[in-house]
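Okay, thanks everyone, I'll keep this short. Have a look at this one with me.

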Amino acid sequence: MKLVPSTLLIWIVVAVGFPAAMVAALVPGARWIAIASIALIAIAALIDAVQRRRALGGIRVELPALARFFKDRDAEIRVRVRNESRTSRRVRIGIVAPEGIEAVSEDQQVDLPQDSDAAEFVWRATPRRRGRYVFASVYLEAPSRFGLWSVRDRAAANMEIRVYPNLRSARELRALRHGTAGIRAMRQIGRGREFEKLREYVPGDSFDEIHWKATARRGHPITKVFQVERTQEIYVVIDASRLSARPMGEESALERAIVAGLVVGAAAERRGDLFGIAAFSHQVEAFARARNGKAHYAACRDAIYQIQSRPVSPDFEEIATFLRLRLRRRAMILFLTSLDDPVLAESFTRATRLLARRHLVMAGMLRPESIGPLFRDEHVDKAENIYRNLAGHLAWKRLRELEASL
């Protein structure tokens, strides 16, 4: 608990203390009166300082244990201030926002009414960076009993803020909400092997469709009915290694990959498919097994919202081995990575060769602006422009060859 001189005490010292000191030095006959005035100010300030604990006594700030924000979207938290003494007073509450969250105001004056045990105010902020933030303390300030001091203290708090990716700006998600985006007719081949129900035996049913245990229990033939498999498993695997930190427009490649992964999850949920997600760098960073439902979608979002780029090379062999051991059913695996590095492209091809024997493996990457055909730009009309774009052309050619080999 700290004491800071209030504006009132400063004005009293300026208006009374300094003139009294001047009088004591210049007018010997009024010296004792001046010393008494200075002593009176000092005694009042001392008595007020001794009673400093009464200024913040019974005041307690209550914050929610968990708050969920979305990047670049305005948010607010309702803060409750408890006043056990039920006396009227004004308290200054300070909540310091960590780096990555922009608060409208880090402190706010709260008037605690008479005969009321609590008051509320709204703390507004805008998160600018995805991740997890913990508020361990809040700061309090209130005037002392005589108003000569400002009493400051720090109170413990336990609030966690989770900042998720902002999908409101995702163009694909807006199209998905309007109905039939990405839907097309597909011809089903075969009768399917996904069990649907049991029914009475009908002449012509194959013997391999008879459920022998149900037949034994009921005393007459029972047949199994199958349907075409419609529920597929879809996994999005996000590369969080060194190349994911490259800027792609206003955001990094990792930020756009996370948003794309969650959009794929929303599309899978809408179609009734099972959606899972994973992230890796030189090791597996996160994994959520494929399921469906809104609760599972929230669990996938929680699994990756803290992922940050690491200054390491991706280990494709590690993530491929991890997925081979855990995925039992055939699934579509979409890697969101960068393959313009020839060494990484070769590692990816080698690592996913075994995965492709059982699963449908796909790769998606954001092409840097510098990569493209040599003469795609109409302003390439000088020799120096050709040399400047030649490196991008060679990288584009390697990507085309990689696409053909995959």
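This is a predicted model: local features need pLDDT of at least 70, side-chain atom pairs count only at pLDDT 80 or more; totals for chains, interfaces and linings use all residues.

Numbering runs from 1 along each chain as its sequence is written, and side-chain values use heavy atoms, with hydrogens and water left out.

So, the helix pair. Helix 1, residues 7-26, packs against helix 2, residues 31-50, at about 155°, with the axes 8 Å apart. Helices here are DSSP runs of H or I, at least four residues, and strands are E, at least two, numbered from the N terminus. Axes are lines fitted to C-alpha atoms over the stretch in contact, with angles from 0 to 180 degrees between N-to-C directions.

Who's touching whom? Contact means heavy atoms within 4.5 Å. Helix 1 brings residues including L9, I12 and V16, and helix 2 brings R31, A34 and I38, among others. The contact residues split into 11 nonpolar, 2 polar and 1 charged.

Now the second largest pocket. It's lined by 19 residues, with L339, A363, L402, E403 and L406 nearest its centre. Helix 9 gives the most to that lining, 6 residues; helix 8 (342-355) and strand 19 (360-364) are also among the elements giving two or more. The lining comes out as 11 nonpolar, 4 polar and 4 charged.

Key:
Ala, Val, Leu, Ile, Met, Phe, Trp, Tyr, Cys and Pro count as nonpolar, Asp, Glu, Lys and Arg as charged, and the others, Gly among them, as polar. On a 1 Å grid over the protein atoms alone, a cavity is a set of points where a 1.4 Å probe fits but cannot get out, and a pocket is an open set with protein on both sides within 12 Å along at least five of seven lines; lining residues have an atom within 4 Å of a point.
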